[in-house]
Amino acid sequence: MSVRTAGPSRSDLVADTALALLAERGMRGLTHRAVDEAAALPQGSTSNLARTRQALLELAVRRLADREARVLALHEMPDPAAGTGSLADALALAAHRALTNNRALTLARYELALEATRRPELRAFFDATGARFRDQLTTLVTGMGSTDPARHTLSLIAWADGLMFSCVAGSFGADTPSLEEVRAGLRELLAGMLGG
């Protein structure tokens, strides 16, 4: 498996390859040597960039956050004045992208999230990189009149994460919901929380 990216940096290549290996082989399949081989880099290249396993994992988490920001299209999130229908549309599109064209990236995220439960130093790093989306979503639901923005944000993220996990790694792995099905679920959830 050779992974090449449009990005010019070796750091991006190493991180993208690490993410691909995590999705394909799991945490045990991620080694410095495996990254070198999969990326067609000279032996020792990954170690020169990320000396320790922790450094390699942090590099992967940073790249995951950058790539997921594009998948989630944070810049496409609606203005709160647009209403809950617009938020449901934007969140449905983001979740559907994660389930379809970015399925391997989503699987790599779950591998890293599980590893972070065993490594406190990675947990802090993982949580900090994920705060971007959580904070933006909290701002959106607050602007839409949420009476409990923290709880509503948690509910939305838990719903989306549950859907993605079930369809990528769980018991619904063979069933990818359509964009309209994801949208319908989000509209029901948002209507219960925010009305409209």
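Here is a short chat about a few spots in this predicted model.

Modeller: Quick ground rules: residues are numbered from 1 along each chain as its sequence is written, and side-chain values use heavy atoms, with hydrogens and water left out. Local features need pLDDT of at least 70, side-chain atom pairs count only at pLDDT 80 or more, and totals for chains, interfaces and linings use all residues.

Colleague: Why are α6 and α7 called oblique to each other?

Modeller: Helix α6 (residues 103-116) and helix α7 (residues 120-143) pack at about 130 degrees. Under 35 degrees counts as roughly parallel, over 145 as roughly antiparallel, 65 to 115 as roughly perpendicular and the rest as oblique, so the pair is oblique. Their axes are 8 Å apart.

Colleague: Which residues in α6 and α7 meet?

Modeller: Contact means heavy atoms within 4.5 Å. On the α6 side there are Arg109, Leu112, Ala113, Glu115 and Ala116, and they meet Pro120, Leu122, Arg123 and Phe126 in α7.

Colleague: What makes Thr153 buried or exposed?

Modeller: Its relative accessible area is 3%. Buried means under 20%, exposed over 50% and partly exposed in between, using a 1.4 Å probe and protein chains only, so Thr153 is buried. Thr153 sits in helix α8 (residues 149-168) and touches Arg134, Leu137, Thr138 and Val141, leaving aside residues up to four places away in sequence.

Colleague: How do you know that Asp36 has no salt bridge?

Modeller: A salt bridge needs a side-chain nitrogen of Lys or Arg within 4 Å of a carboxyl oxygen of Asp or Glu. For Asp36, the nearest side chain of opposite charge is Arg33, 7.0 Å away.

Conventions. Axes fitted to C-alpha atoms, helices over the stretch in contact; angles between N-to-C directions. Helix = DSSP H or I, 4+ residues; strand = E, 2+ residues; numbered from the N terminus. Lys, Arg positive; Asp, Glu negative; His and termini not counted.
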